[in-house]
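Visitor: I would like to learn how to read a helix and its surroundings in a model. Please take me through one case.

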Amino acid sequence: MKIIVLMFVVMVLGACDGMIAHKKRYYFALTANGEKSRELLNFYFYKFNSNFNVDVLKFLPPDHHRSDDEVSTILMVPRMSEREGEDDGTLGWGQWRTCVKMSSFKTLLVSPHKMITKIHTMHLEFDVTRFTEWHYSDKLAEREQAESLFLHEIGHGFHLDHDPDKNAVMYENINDAKKNHQKYYDKVAKFLEE
Ligand SMILES: [Zn+2]
């Protein structure tokens, strides 16, 4: 009920987006057996953040005070493509989520016109077997595929859809085409600035 009411409020305010404050810093928790992949993921977090000179992606510190709806999650799945019983080739999954809250008193003091805060989070899943294999491979092409897989799934977390261009990071299949990172980062930058 609360969600429907809040969604309604947002729809009413939709025409004047200036009243909405966006939180687009992503704090990640690793679920299930994900701890073993922290170092690997940190490598890609760091590489990604360097492009923006700001920590867009971060791991949650152990003593955090964030509520569940402010936390992004990563699930590392062994042999993900076989999960549904048959090998469909799925190696990752990325889903954006948003949650709407009335702005805190602190936010209102700084920007009185930001009545509502939209908190953006994402949920990611990776085939840990393949991702790890590619990441530590001695073949450059495979290490590039690991990076493409990571960027592709967080791309969905930033509301990006598939791109029919085979050289795009957001092309629907992992292929060995050289990826156009600039185009990808420009799109993400646009989303982060909105
Ligand atoms: Zn996709």
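Guide: What follows goes from the chain as a whole to one helix and its contacts. This is a predicted model, in which local features need pLDDT of at least 70, side-chain atom pairs count only at pLDDT 80 or more, and totals for chains, interfaces and linings use all residues. Residues are numbered from 1 along each chain as its sequence is written.

Visitor: How many helices and strands are there in the chain?

Guide: Helices (H or I, at least four residues) and strands (E, at least two) are DSSP runs, numbered from the N terminus. This chain has six helices and six strands, in the order α-β-β-α-β-β-β-α-β-α-α-α.

Visitor: What span does helix H5 reach from its first C-alpha to its last?

Guide: The expected span of a helix is 1.5 Å times one less than its number of residues. H5, residues 140-157, has 18 residues and reaches 26 Å, close to the 26 Å expected. After H5 comes His 159, with a positive phi near 70 degrees.

Visitor: Which residues of H5 are buried?

Guide: A residue is buried if 20 or more other C-beta atoms lie within 10 Å of its own, exposed if 12 or fewer, and partly exposed in between, with C-beta atoms placed from the backbone. In the chain of 194 residues, 24% count as buried. Those in H5 include Leu 149, Phe 150, Leu 151 and Ile 154. The buried residues of H5 pack against helices H2, H4 and H6 and strands S5 and S6.

Visitor: Why does His 156 count as partly exposed?

Guide: His 156, also in H5, counts as partly exposed because it has 19 C-beta neighbours inside 10 Å. Contact between two residues means that their C-beta atoms, placed from the backbone, lie within 7 Å. Leaving aside neighbours within four places in sequence, His 156 is in contact with Gly 94, Gln 95 and Trp 96.

Visitor: At what angle do the axes of H4 and H5 cross?

Guide: Axes are lines fitted to C-alpha atoms, for helices over the stretch in contact, and angles run from 0 to 180 degrees between N-to-C directions. The axes of H4 and H5 come within 7 Å and cross at roughly 135 degrees. On the H4 side the contact is made by Phe 131, Trp 134 and His 135, and on the H5 side by Glu 142, Arg 143, Gln 145, Ala 146 and Leu 149.
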